[in-house]
Every structure is written in structure tokens, then in C-alpha cells.
Amino acid sequence: MWDSLWINCNLCTMQGNGLGAITNGAIAIKGDKISWVGELENLPDEPNKLAREVNQLNGNWITPGLIDCHTHIVHGGERVNEFNMRLEGASYEEIARSGGGIRSTVKATRAASEEELLKAALKRANALQSEGVTVIEVKSGYGLDWENETKQLRVAKQIADHLPINVITTYLAAHTIPEEYQDNGDGYIDSIIEKLPELKKLGLADAVDGFCEGIAFSPAQIEKLFKAASELGFDLKLHAEQLSDLGGAELAARYDANSADHLEYVSEKSANAMAQSGTVAVILPCAFYFLNETKKPPIELFREKSVSMAVATDMNPGSSPCCSILLAMNMACTFFKMTPTETMRGVTLHAAKALGIENRYGSLEVGKIADLAIWDINNPAELSYHMGFNPLQELIKSGKKIIQN
């Protein structure tokens, strides 16, 4: 028998090119896996003969558990002073070059204990989970030395010890050049590469990331890092084309990176390369909003080239202090004209692809992990339509009910 069966529900399976919607459907789980998905009338027997627990949903919708595929939720301090500076006219680059930006968070993160970082990160992760998120990616990048980068990654791993949530960890030591390596970016990249074998041995990171930008690292420096990381078997990701076009997305595609993220200034050449490699475009509308940017990522170009688009919060203290995946979906629609179907795919199947876990997460398919978000809505588009409203009814993580509203 199945452990649980939901009937009289509508399903967003995410199979095919759209939502893969099934009306008047049913879904069953056994253990931590999905066992059956389809139309209610096609069940092989009476529901109470098939499952130990039968749940009537009266037309509510079930989606895969949502995935936030780009966050920086492990960090010390906040940067509300920079919020004020931007409102007074300072640009992101001006703030960074004056000693603010990432470096100010580095100081706070280095000063914080693991216990302090974990306490703050759990609050942020809990906020995301309350909106149906069952998988998060967490980056380092605010330590900028071996001791503190690994401290961040250890804390990220500990989140899953306290909350029923999967955490994918990403090593972002190449976030910016630390003060200790001022004017010596090449030397800093070499120091990161030197530690990659030990990082792999420790198992603290699933992927390696970098910030390819004029205020951070050049394509040549990132390529050196990517070559070393790929040889060790790390997945690759890249912050690219947020402030200018340096060709970072094309570089990421050339190394078969899982994703290139931001992409406001991406070129058609890079989009072509991403399409060929299958590299996902991770769209980060909350950062666009918070920084009051005007240059938008070329959504129509990604559609034309069939580049998969994910949507994420980019939760971080400087450019996106956002712990709402539903708000990110709304902003992707309102600012970038993505459709509700695109944003739904962007926080499920395409987000899973951006993390290299699409064989286990991101859609309602037999054999995948039983992460289900149950919503009190009449139409899936409501998840992108509403602002400040959370219609989550239940959240199932690996076959177990963890939230019931």
C-alpha cells in the first residue's frame, strides 16, 4: 500500500513545456518518493484500498516543493546604511569602491561565531520554507579566507540539521578581492585554487561560483578557477553580466556550468552558448528592484534561444534582503514580463536544473523525492499574482508533513 494519497486535487506536474496541469487528479507517496501521479479516474482501485492515509483536497492545487536556487542567507550583520546611501544617490559600484558592499559584510561575518550565523540563517531559511520552499542553495562568499569561508559552509550544512529542508552549498570565495589581497586578484584566485582539493575532501561544497565583473574578477581569472574546480568534479555557477558585459555567461557555458545568474547585460552570443550547453539563466528580480536598476535581463532573447530560466530571491544583506520566493515570482512578472507559467517553472524544475538536481526534484513524477506544496488557490497564476499573501496550506518534505496551516 501507499503511505499517503491525495485525491480531488489539481496538479502542476511541471512535465512537458508548461505546467503539466492535471485537473481532478491524484498523487500518492510511499516512503520519501512519489509513487503515482495522474487523473483520479485512472486510479487502479478504490482510494481506501490503495493507501493508509487518504486526503481529500476539494480542488486545491499541488505543486512540487519550491526551490530557491540562489541565496546568501549565511552572513553576519546587515547593510541598512548602504540602503540610505543608495537613496541619496550612490551607485552599487560607488559603495563597493568606498569600502562598503561585500567587504562590509565580510567584516561582520568574520566577527560572528558559527552559533550566531546559524541562528540568523535559520530565521531566513524558515521564512523561505513557510512559503513552500523545500530546497535552498546557500553560498559562502562573505569570509574571503579559508577559515571563514569554510565556517559559512559548515553553518549552511547545519541548517538541514535544524529544519526539514535540503541545502545545496556553493563555494563563492571568488566573490570579491579581500583587503589582504588588495590589487592582487591573481594571487587571491591562486589561493582559492590551492584549497580546492581540501574543500573537495571535506565535502563542504557542491559547487564553485564566482563574480565575473569589473569590481570583482576578470573572465581570465574566473576561467582559471573554473578549470581547477571542474577537474576536481565540482559543479559550476557564475554571477555574470550584472553590471556590464564581460562575456562571463559565455565562459560559464563553455565550462558546462549549471547556471549563469543575474544576466542583465548578457549578449546574444552568450545566450546562444547557454542554449547549447544547457546552462540555466537564473533571474534575480529582487536585486534589480532593491538596487533600483533600469537594465533588464533579455527575457525575450532567452525565450527565442530556448534558454531555461530559473527565478530566485538572491537573499543577501546588500542588494536583495528578501526572504520571499513568492515576491520574487511576482517581481519577475511585473518587472521582466515573465509569465506566471515561466515563474512557476523557474522555482521548480528550472531551479532544480540550475542546481544539478533535476533528476530528484522540481517536478511531480514517479520516483522523484516527495516534496509537495499544497496551495489554497483556484489558479496556479495566483502564486505570482498576489503580493504579501501566502496561500500555502500544507508542505510535505520527503513524504512527511512539516507545515499545516
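**Salt bridges across the fold**

At a relative accessibility of 26%, Asp145 counts as partly exposed. The model in which this residue is examined is predicted. Side chains of opposite charge can pair when their charged atoms come close. Asp145 has such a partner in Arg110: their side chains form a salt bridge with an N to O distance of 3.6 Å. Because Asp145 lies in the loop between strand 7 (133–139) and helix 6 (146–162), while Arg110 belongs to helix 4, the pair ties together parts that are 35 residues apart in sequence. Arg110 is likewise partly exposed, its relative accessible area being 26%. Both residues also belong to a network of salt bridges that links Arg110, Asp145 and Glu180.

Helix 4 (residues 102–111) contributes Lys107 as well. Lys107 forms a salt bridge with Glu179, with the closest N and O atoms 4.0 Å apart. Glu179 is located in the loop between strand 8 (166–174) and helix 7 (185–202), so this contact joins parts separated by 72 residues in sequence. Lys107 counts as exposed because its relative accessibility is 52% and the cut-off for exposed is over 50%.

A further pair consists of Lys139 and Asp209, whose side chains meet in a salt bridge at 2.8 Å, N to O. Lys139 lies in strand 7 and Asp209 in strand 9 (residues 207–212), so the pair ties together parts that are 70 residues apart in sequence. Lys139 is buried, with a relative accessible area of 1%, and Asp209 is buried at 0%.

These pairs are among the 22 salt bridges found in a search of the whole structure.

Terms used. Residues numbered from 1 in each chain as written. Predicted model: local features only at pLDDT ≥ 70, side-chain atom pairs only at ≥ 80, totals over all residues. Heavy atoms only, no water. Helix = DSSP H or I, 4+ residues; strand = E, 2+ residues; numbered from the N terminus. Buried < 20%, exposed > 50% of the residue type's maximum accessible area, 1.4 Å probe, protein only.
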